[in-house]
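Work through the exercises below with the sequence and the coordinates open. Each task is followed by a solution in steps.

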Amino acid sequence: MEEMDREAVATAVQRVAGMLQRPDQLDKVEQYRRREARKKASVEARLKAAIQSQLDGVRTGLSQLHNALNDVKDIQQSLIDVSKDWRQSINTIENLKDVKDAVVQHSQLAAAVENLKNIFSVPEIVREAQDLIEQGELLQAHRKLMDLECSRDNLMYEQYRMDSKNTHDMNLIHTYFGDMQKLSEELAKQLWMVVQRSLVTVRRDPTLLVSVVRIIEREEKHDRRLLDRKKQTGFIPPGRPKNWKEKMFNILERTVSTRIEGTQADTRESDKMWLVRHLEIIRKYVLDDLLVAKTLLDQCFPPHYDIFKKLLSMYHQALAIRMQELASEELEANEIVSLLTWVLNTYKSAEMMGNSELSPEVDVNCLNLLISQNVVDQLLSKYMSTLTSNIIGWLRKALETDKKDWVKETEPEADQDGYYQTTLPAIVFQMFEQNLQVAAQINDDLKTKVLLLCLQQMNSFLTRYRDEAQYYKEEHLKNRQYPQCYVQYMIAIINNCQTFKESIISLKRKYLKVEMEDTLSSSHTNMDAILDTIAKEACSSLLDEVFMDLEPHLNELMTKKWLMGSNAVGTICVTVEDYFNDFAKIKRPYKKTMTTEAHRRVVVEYIRAIMLKRISFKNAEERKEGAERMIKEAEQFRFLFKKLAPGSGEDTEGLCGIIEAIAEVIKLTDPSLLYLEVSTLVSKYPDIRDDHIAALLTVRGDASRDMKQTIIETLDQGPSQPNPNYVPIFKEISVPTLTVPKLLK
């Protein structure tokens, strides 16, 4: 109490301090006192009222407890009296056993009398019910069936109560009502026929379907009542519970499964597109059925049946089983793709389960995969294995077809720019493109794998392509008249290499993710290198063809006939230009490579002719005449190759300049300056060897043995500072060794 008093005083002090914070508030002290007095009086009045209410409640409670105690005592006394009376009446109850039996018998007879009408008219009622079933009046037929069943069940129940072990009478009743059981089975058969055709019936005659559902619901309620009675009495009539609701869903499930399986109209033997057709029919049927189930069927069933979701589950399960069966078959590569595309993409797309009319009841994100991920992986692995074999076969066949074109007597086709080509690149990359488009329908991962496979097989294919091109050349060399269009098809092979390059880049740009490009850079580089090798070897083969035709004219160079005025170089230029009219149909950059290599080989052969020492000039006049002829012919070569390859002037000047530099050595009239001129030649072309210098001096015809040795020895001792841009040319030119001893004599 003291603590409460202190708290009250502290609270009061705080309130007074809050009221009297300014001097002008002192005038209102009396007003504050009266207001607080009123509040105090009000609080005290409420406290008194609350305490009075509590006291009244306690008083009432005590009064009720007192009354309850008196009632308990009265009940206790009554129970004692009842117990006393019960003990006294035990003997009386035993004497009433006969009365009890009579009552039971009376109950049975009453039941029999009550059902007497139905008992005597069982055959008639059965016939009427059968007629109603045939007429489609299923509800009325079921009503009569229920009446018969109730009569039988009541009789059997009463018999069971009287003597549960008397099976003879029970069997007698059951036999008498035997036709009723057949009637029940006939009615059930009609019900299941309607259930099986429910998706059709709901469109034509929804009332019939509603009647079937009502009959099933009646049977379900009757089953529950009989099961409840069985818990109390232990008796249940034969044939119960019927479980027609469960049977209905089983029928629906079998119907759905049969509908899915029955959509396969063709086999692989009769139609290569059998699986695509089969899957498309399934898609259409399932979508149509679910739309009907949602819009119409759902209205014919009670809400607690949740018929749409159950049908959705049935269709999903039936589809899963069917897809698993298809996956276990020996499918071809295109069939695997069709199956996986349907399972992984089509099934959840707007064309099927993702259809807007099925939402929100159908959530595609909640649908499980129709086949397990393990099976998907197995199918993908099988697809990749089959595709690998197919691609190898397709590439081999494409190459064989292309090889047959190489020996034709007609020129290959030209593209829009006039460049020769064959159909090989188009066939190969059309095949790659088709397989990549198919793989992209499944997922990006498979698309990437197929692209990697295509590029990997392309590597192997290019190696075979190179071997076949080389073999083509070798066969031609055995008989240069065959094939007739050898040059044109070799040009087409070169152009194909460039087409392959462009197609590979296009394929990667279209189907390869940016982050994957680094992983393929080495493979791409390798393919580019192989293609360049094939193209360069083909260019070399064509140049071999040119120089085989030039060989007689090259043999005339640096001979007496040449010095006397042979037109060998003119013929060489005309022949090269004639060949290059065909070579103009080579694509860049190989066309430039071809021209550069042809120029280089012409110069090499010309210098080789000098080094073969076919001629040795007898005097200064011959040397001058020969040198001037060499300079003139170098100019002819320069003009020719500038014409063939405009813009390559620097390369042309460099190669033709070698012939002119050699001509200057031969033209020199003062032998004392020969060392200086030769040293200038060596400084320009540092790959020139001693045997080259010796051969060159032999062609001059005025250098003694000692002079040759002195010049060579002096040059060997001198420093060499080659031009970093110089491409060696003399290392390709050999000098006949048998002539060296003669030269030194």
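Buried means under 20% relative accessible area, exposed over 50%, and partly exposed in between, with a 1.4 Å probe and protein chains only. Helices are DSSP runs of H or I with at least four residues, numbered from the N terminus. The model is predicted, so local features need pLDDT of at least 70 and side-chain atom pairs count only at pLDDT 80 or more, while totals for chains, interfaces and linings use all residues. Residues are numbered from 1 along each chain as its sequence is written, and side-chain values use heavy atoms, with hydrogens and water left out.

**Exercise 1.** Find the span of helix α11 and determine where its buried residues lie around the axis.

Step 1. The expected span of a helix is 1.5 Å times one less than its number of residues. Helix α11 (residues 244-261) has 18 residues, for which 26 Å is expected; the distance from its first C-alpha to its last is 25 Å, close to that value.

Step 2. The buried residues of α11 are W244, M248, F249, I251, L252, V256 and I260.

Step 3. Take the directions from the helix axis to the C-beta atoms, which define the arc. The buried residues of α11 fall within an arc of 170°, so they line one face of the helix. R254 and T258, on the other side of α11, are exposed.

**Exercise 2.** Repeat the span check for helix α21 and list its buried residues.

Step 1. Helix α21 covers residues 568-583, 16 residues that should span 22 Å at 1.5 Å a residue; its end C-alpha atoms are 22 Å apart, which agrees.

Step 2. Buried residues of α21 include A568, V569, G570, I572 and C573. T575, V576, Y579, F580 and F583 are buried too.

**Exercise 3.** Classify the ring pairs F301 with Y305 and F461 with F500.

Step 1. Rings of Phe, Tyr and Trp (its six-membered ring) pair if their centres lie within 6.5 Å; planes under 30 degrees apart are stacked, over 60 edge-to-face, and the rest tilted. The whole structure holds 16 aromatic pairs.

Step 2. For F301 and Y305 the centres are 5.8 Å apart and the planes stand at 45°, so the pair is tilted. Both F301 and Y305 are buried.

Step 3. F461 and F500 are edge-to-face, with 6.1 Å centre to centre and 75° between the planes. F461 belongs to helix α17 (residues 444-478) and F500 to helix α18 (residues 486-511), so the pair ties together parts 39 residues apart in sequence. F461 and F500 are both buried.

Step 4. F461 and F500 also belong to a cluster linked by ring pairs, with W406, F429, F432, Y465, Y472 and Y486.

**Exercise 4.** Which charged end sits over the ring of Y305?

Step 1. The criterion is NZ of Lys or CZ of Arg within 6 Å of the ring centre and within 35 degrees of the ring normal.

Step 2. The charged end of K245 meets it, 4.4 Å from the ring centre of Y305. K310 lies over the face of F249, 5.4 Å from the ring centre.

**Exercise 5.** Locate the cis peptide bonds at P483 and P589.

Step 1. The bond joining Y482 and P483 is cis, with omega about -10°; P483 is in the loop between α17 and α18.

Step 2. The bond from R588 to P589 is cis, with omega near 0°; P589 is in the loop between α21 and α22 (590-611).

Notes: Helices (H or I, at least four residues) and strands (E, at least two) are DSSP runs, numbered from the N terminus.
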